[in-house]
Structure formats: C-alpha cells, structure tokens
Amino acid sequence: MRHLFSHEGERALDAVMQLEPLLAFDFDGTLAPIVPMPHEARVPKAVSDGLARLSRRLPLAIITGRSVTDVKPRLGFEPNYIVGNHGAEDPLIGPPSSASQALDGRSRAHRRAR
C-alpha cells in the first residue's frame, strides 16, 4: 500500500493536479453527513469553505441523486457544476428532461413514504 501523504504520494498528487482534473464529489454521505431527516442535510461550513477555495483553482462538480434545486442551497458555496437526479439533470444542457422530472417525483414520493 502507498500512502497519499508520503513524499512519493505527494509527488504523484502534484503531478495529477498539474493536469487540472475535474474534481467531482457526491453530496449525501460524502460531503454532507447522513442525517435522519433528508431535508436537514447540509455540507459542514469548514468543508464548504474548503470546496469554495478549491473550485476557484480547479473545476469542481457536485453529483447527486437529489434535484439541482434541492441540493444547491445545501452546499454553502457555488460549485462550477451540479449534476442532479443521478445524472439525468444537468443545468448546462437545459431544462430537466421528462426522465429527470419523473425521478425527482419518485424521490419526493419515497421521502414521504418514510
């Protein structure tokens, strides 16, 4: 096993960062802790502040099963990209497709059923 924060690992990370990669993060359970009530999920301020700084240096995307309109105010910063509804909703492409609207409706129904 190689450790990322060894000298070798830091050199490898440095080389990758020079390529200006797209950094993509999931919302629920990755950036925002899992909470008993999904409407209470938020990115912790320290994480949000760090991601805001990072998004000014490299392209950063948030990928989520939630709708874009649901997740956007929960982030605490403005990422370069947000892709919602498990990839079916991408604001850069245009209005949500009928598929993403159906997924969003199913998601709301699922939350009510809990």
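## A network of charges

Which residues are linked in a network of salt bridges? They are Asp28, Arg66, Asp70 and Arg74. Keep in mind that this is a predicted model.

Start with Asp28 and Arg66: their salt bridge has its closest N and O atoms 2.8 Å apart. This pair joins distant parts of the chain, 38 residues apart, with Asp28 in the loop between strand 1 and helix 2 (45-55) and Arg66 in the loop between strand 2 and helix 3. Asp28 is partly exposed at 28% relative accessibility, whereas Arg66 is buried at 7%.

Asp70 and Arg74 also form a salt bridge, at 3.0 Å from N to O. About one helical turn separates them, because they sit 4 residues apart in helix 3. Arg74 is buried, with 10% relative accessibility.

## Another salt bridge

The count of salt bridges comes to 5. One of them joins Glu78 and Lys72, 3.7 Å from N to O. Here Glu78 is exposed at 54% relative accessibility, and Lys72 is partly exposed at 39%.

Now look at the strands: 3 of them form an open sheet in the order 1-2-3, with parallel pairing. Strand 1 (23-26) and strand 3 (81-83) are the edges, each pairing on one side only. From one strand to the next, the twist averages 20°.

Strand 1 pairs with strand 2 (residues 60-63) over 4 bridges, and Ala24 has Ala61 in strand 2 as its bridge partner. Helix 3 (residues 68-75) lies across strand 2 and strand 3, at about 135° to strand 3.

## A nonpolar patch

On the surface, Leu4, Phe5 and Leu13 make a nonpolar patch with about 310 Å² of accessible area together. Phe5 lies in the segment before helix 1 (7-18) and is exposed, at 65% relative accessible area.

Technical notes. Residues numbered from 1 in each chain as written. Predicted model: local features only at pLDDT ≥ 70, side-chain atom pairs only at ≥ 80, totals over all residues. Heavy atoms only, no water. Patch = residues over 30% accessible without salt bridge, like charges linked within 9 Å, V, L, I, M, F, W, Y side chains within 5 Å. Areas by Shrake-Rupley, 256 points an atom, 1.4 Å probe, with all protein chains shown as cover. Salt bridge = Lys/Arg side-chain N within 4 Å of Asp/Glu carboxyl O. Helix = DSSP H or I, 4+ residues; strand = E, 2+ residues; numbered from the N terminus. Buried < 20%, exposed > 50% of the residue type's maximum accessible area, 1.4 Å probe, protein only. Pairing = 2+ DSSP bridges. Axes fitted to C-alpha atoms, helices over the stretch in contact; angles between N-to-C directions. Contact = heavy atoms within 4.5 Å.
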